[in-house]
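Visitor: I have a structure open and would like to learn how to read its features. Can we go through them one at a time?

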Amino acid sequence: MTAAGAADGGSAVEIAAAVAAGDRSAVEIVDAHLARIAAGDGEIHAFNTVVADRARERAAAVDRAVAAGEPVGPLAGVPVALKDNFCTRGVPTTCSSRILDGWVPPYDATAVERLEAAGAVVVGKTNLDEFAMGSSTENSAFGPTRNPLDVTRVPGGSSGGSAAAVAADFAVLGFGSDTGGSIRQPAALCGVVGLKPTYGAVSRYGLVAFASSLDQIGPFARSVADAALAYDTVAGHDPRDSTSLPDGHRPTVERLTDGVEGLRVGVVSEMTAPELRADRGGAFEPAVIDRCHRAADVLADAGAKVDEVSIPTAVAGLAAYYMIAPAEASSNLARYDGVRYGARQPGANTAAMMTASRTAGFGDEVKRRIMLGTYALSAGYYDAFYGKAQRIRTLMIREFDRVYQQYDVLLSPTSPCVAFPFGAKADPLTMYYNDVCTIPSNLTGHPAISVPFGTGEAGLPVGVQVLGPKLSEGELMRVAAALEAAAAAGGADPTGEDTP
Amino acid sequence: MTTTAPATATDAGTGHELLPDGWEMVIGLEVHAELATASKMFSPAPNRFGGEPNTNVHPVCLGLPGTLPVVNGKAIELGIRIGLALDCTVQRCVFARKNYFYPDMPKDYQISQYELALNVDGRLELADGSVVGIERAHLEEDTGKSTHIGDSGRIHDAGYSLVDYNRAGVPLIEIVSRPDLRDPEQAKSYVEELRAILVAIGASDGKMEEGSLRVDANVSVRPAGSGELRTRCEIKNVNSLRSLGRAITYEARRHVDLYQAGDAPRQETRHWDEEDGRTRPGRSKEEAEDYRYFDDPDLVPVDPSPGWIDEIRAALPALPRHRRQALVDRGAPAAGAALAVERDLDGLALAAIEAGADAERTVTHVANNLAVEGAGSLDASHFADLVKLETGGGLTATQAKQVLADMVETGRDPATIAAEKGFEAMDTDELESLLDGIIADHPDEWARFVGGDDGDRKKMQGVFVGQVMKATRGQADGKVVNQLLNQRASAG
């Protein structure tokens with residue numbers, strides 16, 4: 001899966017160190033990745049836009065800086081893929097929607113500024129479900145991304161392009177946005193690490209909004225250590241985002257080797273109990289639940305205190321989410337009206353022009369959610385839908401805060417199933433159910449990480465999710481590193497089952 | 001609060017009857033004022049009037065994808081100043097989105113305040129002492145401006161539209177009065193007083209002609225004294241105080257006419273048409289907007305600390321009514337005091353009065369002779385000296401006016417200017433002998449002055465004053481000449 005043996009291979013940590021030391025050339029590393037994209041992305045379609053020239057120029061600048069003895073950042077020469085809802089100055093930003101056709105942002109997202117300041121080299125913008133609405137990348141206006149591990153299956157979504165790019169080694173790091181699981185679920189389905197940080201830990205400035213109170217930027221990586229380095233690079237207060245946390249960022253890379261001894265770990269019974277597997281339309285794959293329990297055993301063996309914990313509101317989150325996220329989206333996406341930028345369709349008057357532009361510019365799922373959200377906020381329905389969803393959200397925050405007084409971290413599957421074939425979840429509700437384990441962290445604003453842990457159906461990777469309280473990214477990294485090590489040692493899969 | 005408007009009150013502007021007997025108006029005003037900040041409400045773009053279209057803009061106030069609003073602290077401070085000046089409770093507030101599609105609104109929603117406004121429950125005392133309740137004064141962002149190119153200039157049938165976003169995102173305060181106003185004149189004086197306050201505390205430049213102060217009127221009528229609140233209509237597009245009065249009167253008449261015909265108005269937004277002198281419905285009922293307000297998730301609540309509020313209160317400049325009262329307390333007539341405050345020259349007047357100048361004469365000069373540029377930098381002690389020279393008989397009123405103009409222009413003291421202009425005080429003895437000579441030379445005219453009817457007397461008075469002025473090249477004090485004439489006449 002990874003190209004560790006290739007001349008340009010290695011982790012972000014290794015590449016950055018070698019480039020900074022002058023042992024390896026950023027240009028050569030970037031060229032090798034560009035070559036792999038040129039050879040393989042026709043099939044995978046991880047990228048909407050590849051910025052080869054820009055990437056080579058940036059890589060050359062890194063090499064020059066190294067040659068001149070100037071300081072380079074912690075990601076010097078590391079190829080990075082950005083989800084195409086990150087604003088990039090001078091580079092089209094489409095959100096995989098026709099409605100942004102031709103729009104080129106005049107500014108970089110804060111996360112992009114920080115990555116480039118750290119020496120990272122952006123190689124391209126990756127495919128996503130239109131405006132990040134979906135769990136399979138099938139909702140892209142530019143066609144789906146294929147899972148590099150099995151091209152007949154989805155890579156997950158909505159950040160499917162970034163997950164696939166990292167899995168296929170088109171880039172060493174990927175970045176995505178997670179509104180209801182859009183980093184963690186594709187990470188699980190593509191067999192990579194994906195982190196959804198604490199809400200407000202990473203600036204949202206320059207991330208095209210889907211649901212402002214839920215959106216959060218985070219990394220994809222092929223190792224927990226790389227994910228930690230990537231997260232540390234983009235985290236920290238930004239005065240351009242009012243919801244950015246004022247707290248000084250605490251680096252997570254130094255927590256990787258802390259181990260899990262004494263950590264209190266709760267396995268969320270609502271997401272793992274056998275009797276809950278088959279309800280509400282989306283049965284959990286038994287292997288997925290088994291890997292989660294196995295992960296709990298691994299942690300217990302390493303000295304963590306593990307038991308089961310029930311969080312009754314956790315599953316109610318799904319319904320609340322599908323009121324709140326569309327409500328915010330209906331407002332956030334109003335600006336795509338054909339007046340100032342993007343695609344415009346002719347109309348007899350302003351209202352007709354706006355209607356025609358939006359009708360032609362948005363895909364079905366986006367329209368569905370705009371309608372849902374508009375309805376949820378309407379006079380006479382507000383209290384019953386949006387208001388009630390907000391009350392559920394408040395209850396969930398209280399319940400999780402209470403649970404986190406007794407547990408340092410929680411454990412659950414990331415996704416109910418491994419990567420599924422294209423078209424397998426054409427019914428929107430079945431697709432929505434895919435987010436049942438990931439949504440609670442978005443509603444509560446807490447961080448969560450998905451780490452590959454063994455395999456399930458067809459030998460495809462399973463992701464285990466580690467959840468924690470506000471700003472517990474350091475603890476999540478500790479646990480994820482322990483699971484990563486155990487999986488590498490063959491401790492994730494039961495003997496006798498198929499392994500890839 | 002005033003109770004009932006006189007049943008046959010007349011509009012000073014048009015002279016027609018306001019409402020038929022037994023009806024009264026119920027008026028509430030929504031005043032939008034642009035705040036005098038350097039940058040916009042949520043964007044670093046400059047808050048500046050004019051400029052080439054779409055030059056005072058930034059990705060944030062253009063609502064470009066991915067941008068986020070950040071509250072302008074100065075706008076909050078000015079908002080609190082306004083709240084305190086209007087005796088409001090200043091409270092924790094939340095920004096909400098008001099959702100509707102309109103091309104001059106970059107995000108197709110306006111960030112405003114809905115459930116929790118910065119300021120609530122205030123009051124405004126008008127110049128006549130009546131008090132109008134203030135329901136709330138909340139912060140929001142302004143929209144851009146559309147120009148519809150086509151036959152009618154209206155959006156519905158324009159050939160195309162041009163949009164200028166220079167104004168988009170400019171900080172606004174919306175001040176909502178309670179329905180306490182009862183006639184157009186009172187509504188106008190409410191706006192005048194509110195404007196004076198906003199200007200006095202440096203919160204807004206209050207220029208209606210540039211649109212930095214805009215007024216919408218909520219108008220209904222009811223049987224006089226009934227206390228009920230009937231269906232109201234919101235009148236928009238009122239661009240001057242005169243229009244405000246006309247629009248309110250028109251709308252109230254329309255309501256009475258409907259009720260008298262057995263019908264009733266329906267709640268709607270109407271637009272004032274200045275040329276036709278009437279209001280017209282805005283959107284039809286079927287298109288009635290549902291703004292789908294919800295708390296803006298991109299912003300966090302603003303909770304001004306008591307310490308900050310106290311600081312702003314302590315630094316609050318004196319309000320117009322207090323400034324007027326200060327002059328009146330020192331003997332200035334109310335009308336002159338009001339003008340002095342309006343021209344921001346009450347400080348000068350007050351200082352001159354404190355320095356011994358006659359209060360009435362001082363505010364008269366401010367009212368009549370100082371509506372000029374540079375008046376504000378006049379030296380108060382020089383001004384006092386001038387008034388003292390005049391009241392002491394050293395200068396005539398005409399001379400004082402000329403000297404004052406020179407003072408404003410050159411900054412010199414009045415004595416120097418008077419000497420240079422040859423305005424030497426003519427002493428009364430000299431004037432008396434001059435006058436006696438003229439009387440002797442005009443016996444017929446004198447007889448008509450002493451013995452004629454009022455008309456004759458007035459005419460002849462003019463003749464004698466004119467002769468004296470002619471002989472003194474205008475340097476005599478007309479008032480003194482009149483006194484002397486009257487003395488001579490009554491002495492026989």
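Visitor: Is the crossing of H5(B) and H7(B) left-handed or right-handed?

Guide: First, a caution: this is a predicted model. The crossing of H5(B) and H7(B) is left-handed. The contact is made by Arg323(B), Ala326(B) and Leu327(B) on the H5(B) side, and by Asp346(B), Ala349(B) and Leu350(B) on the H7(B) side. By class, these residues are four nonpolar, no polar and two charged.

Visitor: At what angle do H5(B) and H7(B) pack?

Guide: Helix H5 (residues 320–329) and helix H7 (residues 346–354) of chain B pack at about 25°. Their axes are 10 Å apart. Angles under 35 degrees count as roughly parallel. H5(B) and H7(B) are therefore roughly parallel to each other.

Visitor: And how are H5(B) and H6(B) placed relative to each other?

Guide: They are oblique to each other. H5(B) and helix H6 (residues 334–342) of chain B pack at about 135°, with axes 9 Å apart. The crossing of H5(B) and H6(B) is right-handed.

Visitor: Which residues of H5(B) and H6(B) meet?

Guide: From H5(B), they are Pro320(B), Arg323(B), Arg324(B), Leu327(B) and Val328(B). From H6(B), they are Ala334(B), Ala337(B), Ala338(B), Ala340(B) and Val341(B). The contact of H5(B) with H6(B) has eight nonpolar, no polar and two charged residues. Arg323(B) and Leu327(B) also take part in the contact with H7(B).

Visitor: Now a single helix. Which residues of H1(A) are buried?

Guide: Start with the general idea. An α-helix has 3.6 residues a turn, so residues three or four places apart point the same way. Now the case here. In helix H1 (residues 12–20) of chain A, the buried residues are Ala12(A), Ile15(A), Ala16(A), Val19(A) and Ala20(A). They cover an arc of only 125° around the axis, so they sit on the same side of H1(A).

Visitor: What covers the buried residues of H1(A)?

Guide: The cover includes helices H2 (26–44), H3 (52–67) and H7 (224–234) of chain A. It also includes strands E4 (173–177) and E6 (217–221) of chain A. After H1(A) comes Gly22(A), with a positive phi near 80°.

Visitor: Which peptide bond is cis, and where does Ser158(A) lie?

Guide: The general rule comes first. Most residues other than glycine have a negative phi, and most peptide bonds are trans. The bond from Gly157(A) to Ser158(A) is cis, with omega near 10°. Ser158(A) lies in the loop between strand E3 (121–126) and helix H5 (160–167) of chain A.

Visitor: What is the phi of Leu471(A)?

Guide: It is positive, about 60°, although Leu471(A) is not a glycine. Leu471(A) lies in the loop between strand E11 (461–467) and helix H15 (473–488) of chain A. Leu471(A) has 18 C-beta neighbours inside 10 Å, so it counts as partly exposed.

Visitor: Is Asp108(B) buried or exposed?

Guide: A residue is buried if 20 or more other C-beta atoms lie within 10 Å of its own. Asp108(B) has 21, so it is buried. Asp108(B) also has a positive phi of about 60°, although it is not a glycine. Its place is the loop between strand E3 (95–99) and strand E4 (109–113) of chain B.

Visitor: Where is Leu395(B), and what does it contact?

Guide: Leu395(B) is in the loop between helix H9 (380–391) and helix H10 (397–410) of chain B. Leu395(B) is buried, with 28 other C-beta atoms within 10 Å. Leaving aside neighbours within four places in sequence, Leu395(B) contacts Leu389(B), Glu390(B), Ala400(B), Val403(B), Ala418(B) and Phe423(B).

Visitor: Last, the two chains. How many residues of chain A are in contact with chain B?

Guide: 33 residues of chain A are in contact with 29 residues of chain B. On the chain A side, helices H9 (317–332), H10 (350–361) and H11 (364–377) give two or more residues each. H9(A) gives the most, with three residues. The residues on that side divide into 16 nonpolar, 10 polar and seven charged.

How values were computed. Residues numbered from 1 in each chain as written. Chains lettered and ligands numbered in written order. Predicted model: local features only at pLDDT ≥ 70, side-chain atom pairs only at ≥ 80, totals over all residues. Axes fitted to C-alpha atoms, helices over the stretch in contact; angles between N-to-C directions. Helix = DSSP H or I, 4+ residues; strand = E, 2+ residues; numbered from the N terminus. Parallel < 35°, antiparallel > 145°, perpendicular 65-115°, else oblique. Left-handed = near helix turned anticlockwise from the far one by under 90°. Contact = placed C-beta atoms within 7 Å. Nonpolar A, V, L, I, M, F, W, Y, C, P; charged D, E, K, R; others polar. Buried ≥ 20, exposed ≤ 12 C-beta atoms within 10 Å, placed from the backbone. Arc of directions from axis to C-beta.
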